[in-house]
Amino acid sequence: MKRRMALGDFLVAYLSKIGVRHVFGIPGDLALKLFFALGRQQTLEVLTFSHEPGVGFAADGYARATNKIGVICVTYGAGGHNMVNPVAGSFSERVPLLIFSGGPGEEERKLGTLIHHQAREVESQHRIYEEVTCASHVLVDPRTAAHELHAVVRAVWAEQRPGYIEIHRDMVDREIDVPEELIEWDGRLHFQESDARKVEEAARETVAMFNASRKPVLIAGIEIHRYKVAHELVELAEKMGAPVMATVLGKGAFPMDHPLYMGVHIGPISPPPIVARMDQADFVLNLGCLRTDMNFGNRPPSIILDKTVWAVDRRVDVKYHTYTEVGVRDFVRAMLKHELRKHRETVVYASNLNGGGAAAGASATAPVKVSELLSVVNDFLAENKRYLVVAESGDMLFGGLDLRVPHQGNYLAQGFYASMGFAVPAAIGAQVGCGLRPLVLCGDGAFQMTGPEISHAPKLGANPIVLVVNNGGWGIFRPVAERREMLEIPPWPYARLAQDWGGVGFEANNAAELRSALRAAHQSKTFAVIDVHVGRDDLSPVSVKYIKAAAKRSQAPAAERKAVQHGLSRPT
Ligand SMILES: Cc1ncc(C[n+]2csc(CCOP(=O)(O)OP(=O)(O)O)c2C)c(N)n1
Ligand SMILES: [Mg+2]
């Protein structure tokens, strides 16, 4: 880094300084200079896909899997607007992305005409991004550009949310001033600081509640991942000796093969042993759990406030009062310094699958049942070390909750924002970043959105195994469809397409065929697509419960409203 540099060169130097090695993007004329400037020195590898949503989900998966910032470069308008949905998902699920967009230069703006790719006004794209980012800036002043970029990046890291930078095409080669302090800076980014006195008091009060409890439970949420406090959480849980559950979005925040792990908590539609254990709980410590409808089975969380501590969004709610400026990471660390009374509870892992296991998974009955498919995948994960499971929205978002990923594998899903199209590109981005081979569970509908991005996998050195759970349509809505034909999708030859795109493809009509396809895919060095034919009306156990609960709810809304009014539940 030098005192004066071309903005394009500065970007490369700055990104390298903060440890970025990869940029995800698609060029366009208003972003060409930017795009080529980022790739010029080859210190950054620029990874391209076919469609901007693929780029966005790949960068998001990369950020989730690596705990680094996912960097994106798109063109203005057509490209930038195409990217809004993935970025909105990253915003709501707290994923740090940095989006660079090109834009029209001063010359063309002076023409006074509309500029190609423009929607309403030249500034419109920036305004749209203000809604889905924590910080944003259009870099137009060479004296302040470096500082403005730095401010956005610091916010991205502190808040673990996307940031947006627009660079018009005539700015890329302009010399900018680089402040001395940026040249001397060590490149380390920091989370927002907590107020040490509040942290201490919140920890002391929480520990006292915990030590007085007889049946405590811990619930781990997404902020455990984002604020990189997973190791400390394991230590805390082991000191407490209490069962740990994960939220839908937080699945994977606590190791799934740890003896204290009990499974996924999704309110009243959790596996029965989890519902029963929550009913017995006299203390619930929620760490980093967003209060979302997904986490609570679409109902108000029925956890009585007297028994609850909730740390999320830089605040800790203890019973009826709140400590502000307390980050979950500092809170967990502070609790670890206290004497904790160890509860030696024997925890039994609970899912919605009946036993699973080899016998259930080897059947030759066609079509394969979704619950059987999940059991076969669980067996596969138990046998084969270190897979990264990525679950797509649709039935597999719920099906994925019953998967158990052991051996320091990992698990990714858009558990709250739930955009279809996430899984395949996110899996590729994640593998590029962290090296783990992904196993993707994806509906046929979602595969038709972004599945073809798999054709980029070979050039990127990625080789996911994708299970296309083929029920011939948007199956999750069939139980409530008035006209089923409205949910049909065309049958694609998924296995053959995989072969044409440079991978291997298989079809599986029953559990035994699925097992052997998984074995062959595991042996294959290239990516693999397994087209698994499931029953058109079959769904995962959690989806079935979810739909039943929703139907019941629509019949009895009054009783639930009454419970909320009486303070039995905590409205979100
Ligand atoms: C981008 C986007 N569009 C629409 C939806 C609404 N949606 C949720 S699930 C679903 C159908 C999923 O079909 P498929 O991928 O085949 O999975 P299945 O439920 O059939 O297993 C749709 C359309 C969504 N979540 N995201
Ligand atoms: Mg489907």
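Guide: The lining of the largest pocket is made up of 18 nonpolar, 8 polar and 6 charged residues. This is a predicted model, and the volume of that pocket comes to about 820 Å³. It is lined by 32 residues, and those closest to its centre are H225, A230, G252, G409 and N410. Helices α3 (52–66), α11 (222–226) and α12 (230–240), together with strand β17 (410–413), are the elements that give two or more residues to this lining.

The ligand is found elsewhere: ligand 1 sits in the second largest pocket. That pocket has a volume of about 460 Å³. Its lining consists of 28 residues, with S393, G394, D395, I476 and F477 nearest the centre. By class, the lining of the second largest pocket holds 18 nonpolar, 7 polar and 3 charged residues. At least two lining residues come from each of α17 (395–399), α19 and α23 (541–555).

Now to the ligand itself. Ligand 1 is surrounded by 16 residues, and the closest are D444, G445, A446, N471 and G475. Helix α19, which spans residues 444–450, gives the most to this shell, with 4 residues. The shell around ligand 1 divides into 7 nonpolar, 7 polar and 2 charged residues.

Several polar atoms lie beside oxygen atoms of the ligand. For D444, a polar side-chain atom is 2.6 Å from an oxygen atom of ligand 1. G475 takes part through its backbone, where an N or O atom lies 2.7 Å from an oxygen atom of ligand 1. D395, one of the residues nearest the centre of the second largest pocket, has a polar backbone atom 3.1 Å from an oxygen atom of ligand 1. On its own, ligand 1 has 590 Å² of accessible area, and the protein covers 77% of it.

The largest cavity contains about 60 Å³ of space. Its lining includes V264, I266, Y349 and V542, and by class that lining has 8 nonpolar, 2 polar and 1 charged residues. The second largest cavity has a volume of about 40 Å³. Among the residues that line the second largest cavity are R64, K68, R226 and K228; its lining counts 3 nonpolar, 2 polar and 4 charged residues.

Key
Residues are numbered from 1 along each chain as its sequence is written. Chains are lettered from A and ligands numbered from 1 in the order in which they are written. This is a predicted model: local features need pLDDT of at least 70, side-chain atom pairs count only at pLDDT 80 or more; totals for chains, interfaces and linings use all residues. Side-chain values use heavy atoms; hydrogens and water are left out. A residue is near a molecule or strand if one of its heavy atoms lies within 4 Å of it. A polar contact is a pair of N or O atoms within 3.5 Å; within protein, one must be able to donate a hydrogen and the other to accept it, and residues adjacent in sequence count only if both atoms are side-chain atoms. Accessible areas come from the Shrake-Rupley method with a 1.4 Å probe; for residues, only the protein chains shown count as cover. On a 1 Å grid over the protein atoms alone, a cavity is a set of points where a 1.4 Å probe fits but cannot get out, and a pocket is an open set with protein on both sides within 12 Å along at least five of seven lines; lining residues have an atom within 4 Å of a point. A molecule sits in a cavity or pocket if more than half of its atoms lie within 2 Å of its grid points. Ala, Val, Leu, Ile, Met, Phe, Trp, Tyr, Cys and Pro count as nonpolar, Asp, Glu, Lys and Arg as charged, and the others, Gly among them, as polar. Grid points are joined across faces, edges and corners, and a volume is the space filled by probe spheres set on the points.
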